[in-house]
Amino acid sequence: MDLKGKMPNKMIRKGVFKDQHFDQNLNFMYIEVDKVTEREKVTVMSTINPTKDLLADLIGCQRLPEDQRKKVHQLKDLLDQILMLDPAKRISINQALQHAFIQEKI
């Protein structure tokens, strides 16, 4: 969820462990142990926005030549499609093999 945000409700409902991680309204329950009291603290999160930027993680603080930068953008696009949470929207193996990241030479 750090990368993609909240899972679609349709997927949460199908999850085997949904009751351990989501409440009846399908809000994520973040559970942590208080360092002082050592008691569990539950924070209900109704909206979860992505906190990680895949492109920034891939490039870091490097200054890349334009051809390499293009290739990294293609890799990010491919990973976004591979990591799609909803399987119905996820890229197929054959589509992935035809992706520009795989097909184009550097």
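This is a predicted model: local features need pLDDT of at least 70, side-chain atom pairs count only at pLDDT 80 or more; totals for chains, interfaces and linings use all residues.

A residue counts as buried when its relative accessible area is under 20%, as exposed when that area is over 50%, and as partly exposed in between.

**The pairs around D80**

- The side chains of D80 and K4 meet in a salt bridge, with a distance of 3.7 Å from N to O.
- Because D80 belongs to helix α4 (residues 66-82) while K4 sits in the segment before α1 (9-14), this pair ties together parts that are 76 residues apart in sequence.
- D80 is also the partner of K76 in a salt bridge, where the closest N and O atoms are 2.4 Å apart.
- Through salt bridges that share partners, K4, K76 and D80 are joined into one network.

**The pair of K52 and D57**

- K52 forms a salt bridge with D57, and the closest N and O atoms of this pair are 3.8 Å apart.

**Accessibility of the lysines**

- K76 has a relative accessible area of 23%, so this residue counts as partly exposed.
- K4, with a relative accessibility of 26%, is likewise classed as partly exposed.
- K52 is partly exposed as well, at a relative accessibility of 44%.

Terms used:
Residues are numbered from 1 along each chain as its sequence is written. Side-chain values use heavy atoms; hydrogens and water are left out. A salt bridge is a side-chain nitrogen of Lys or Arg within 4 Å of a carboxyl oxygen of Asp or Glu. Helices (H or I, at least four residues) and strands (E, at least two) are DSSP runs, numbered from the N terminus. Buried means under 20% relative accessible area, exposed over 50%, partly exposed in between (1.4 Å probe, protein chains only).
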